[in-house]
Amino acid sequence: MSGLPNDMLSGLLSGLFDIALALVLGVMFPMAGMAALVKSLRTRPTEENYRGRPVFAGLGIVWVLWAGGAFLANTLCGLVGRGLPSMLLVLAFPGLFAVVVFALGLIDDVYGVDDEKGFRGHLGAILEGRMTTGGLKLLGISFASYVMALVVLQSIRGETGLMPYLAAIPAGMVIALSANFVNLCDLRPGRALKVYLLVAFFGVLSTVLAFGIASQFRGLSPRFWADVVALTMFAIGPVLAVWRYDLGERGMLGDAGSNAAGAVAGMLLVIGLPLWATIVLAVLLLVLNVLSERVSFSQVIENTPLLDRIDQTGRALRKK
């Protein structure tokens, strides 16, 4: 590597450093943390899943561990990044948001009741002067999504003036509706994780697009591709940490985990999408969320062979 130009060598070393951070903090740390925590979570009171099987709650804690790794990666990239930009620097924002959404989801998990369901139920209760835990989560995630979208548009996209305040409306909708949509899919083992992976895949592409058009990464240098790998590793790390427990019908994400997963994926989505694409995606997600009030996604999946095959992949055999 002595024959490489100094700037290329520096970028390559920084890229390898980011990959190492992603492996340790984005993958190994959540996996080790959950492996240790599960020993205690198994001793807590269990809940019944869709088949009446006892499962322990708390898999959503993986997003708190992930957030800690994301914060540390952000700090280390800033300290030893050799002055070069890193895609991992964006993780501080979804890391913070994951903790906020996890807390709101946990309140609903612990204190929530089943009297009201969906947008209609929670908004109806609010109009009657009653705040449900689901309503608190709905309002809290919506407000936080707008704030985080504004931060992304101003800090990462560099938008100024009135525009980011307006663009943050559809961007915040994408984030909040992604959080709710992944939560809606948490009705069968592994389904929410699979939906998260799909949304996060496009989220990584969106983030890569944002950095790919930045002047610092023109030419798609080795550092650029190393950061693509590192960001992808961070995105799939939480899934690797809880996959076997969720698919094996031993544990569950709960609202805390599924909402946080969708929120992180939604934040990655809005980082690089142009305004028109953000608006289109916000409308699509709104339609899907509203449809969930009238249509059973589980029934649609079971009646669609391809979707059902994907849904069943990796899951423990169903016992009637």
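Reader: How much space lies in the largest cavity, and how should I read such a number?

Author: A cavity is found on a 1 Å grid over the protein atoms alone, as a set of points where a 1.4 Å probe fits but cannot get out. Grid points are joined across faces, edges and corners, and the volume is the space filled by probe spheres set on the points. Here the largest cavity holds about 30 Å³ of space, and the count by this rule is 1 cavity of 30 Å³ or more. Please keep in mind that this is a predicted model, in which local features need pLDDT of at least 70 and side-chain atom pairs count only at pLDDT 80 or more, while totals for chains, interfaces and linings use all residues. Residues are numbered from 1 along each chain as its sequence is written, and side-chain values use heavy atoms, with hydrogens and water left out.

Reader: Which residues line the largest cavity?

Author: A lining residue has an atom within 4 Å of a grid point. For the largest cavity these residues are W66, L91, Y196, L231, F234, A235, V264 and L268. Helices α8 (222-247) and α9 (254-272) are the elements that give two or more residues to this lining, and α8 provides the largest share, with 3 residues. The names come from DSSP runs numbered from the N terminus, with helices (H or I) of at least four residues and strands (E) of at least two; by that count, the protein has 12 helices and 3 strands.

Reader: How much space lies in the second largest pocket, and which residues are closest to its centre?

Author: A pocket, unlike a cavity, is an open set of points, with protein on both sides within 12 Å along at least five of seven lines. The second largest pocket holds about 660 Å³ of space, and of its 23 lining residues F181, V195, L198, V199 and L288 are the closest to the centre. Two or more lining residues come from each of α6, α7 (191-212), α10, α11 (297-302) and α12 (305-312), and the largest share, 8 residues, belongs to α7. By class, this lining has 18 nonpolar, 2 polar and 3 charged residues.

Reader: At what angle do the axes of α6 and α10 cross?

Author: Two packed helices are described by the angle and the distance between their axes. The axes are lines fitted to C-alpha atoms, for helices over the stretch in contact, and angles run from 0 to 180 degrees between N-to-C directions. Helix α6 (residues 163-184) and helix α10 (residues 275-291) have axes that come within 9 Å and cross at roughly 35 degrees. The crossing is left-handed, a word used when the near helix is turned anticlockwise from the far one by less than a right angle.

The contact (heavy atoms within 4.5 Å) includes M173, V174 and F181 of α6 together with L281, L285 and L288 of α10. By class, it has 16 nonpolar, 4 polar and no charged residues.

Reader: What is L281 in contact with, leaving aside its neighbours within four places in sequence?

Author: L281, found in helix α10, is in contact with V174, L269 and L273 once those neighbours are set aside. L281 and M173 are 108 residues apart in sequence, and their C-alpha atoms are 9.1 Å apart in space. For the protein as a whole, residues 24 or more positions apart account for 79% of the contacts with a separation of 6 or more.

Reader: Why does A168 count as buried?

Author: Buried means under 20% relative accessible area, exposed means over 50%, and partly exposed lies in between, with a 1.4 Å probe and protein chains only. A168, in helix α6, counts as buried because its relative accessibility is 0%. Beyond residues up to four places away in sequence, A168 touches Y146, A149, L150 and L153. Buried residues make up 49% of the 320 residues in the protein.

Reader: Where does E249 lie?

Author: E249 lies in the loop between α8 and β3 (251-252), and it counts as buried because its relative accessibility is 2%. Its phi is near 55 degrees, a positive value in a residue other than glycine.

Terms used. Nonpolar A, V, L, I, M, F, W, Y, C, P; charged D, E, K, R; others polar.
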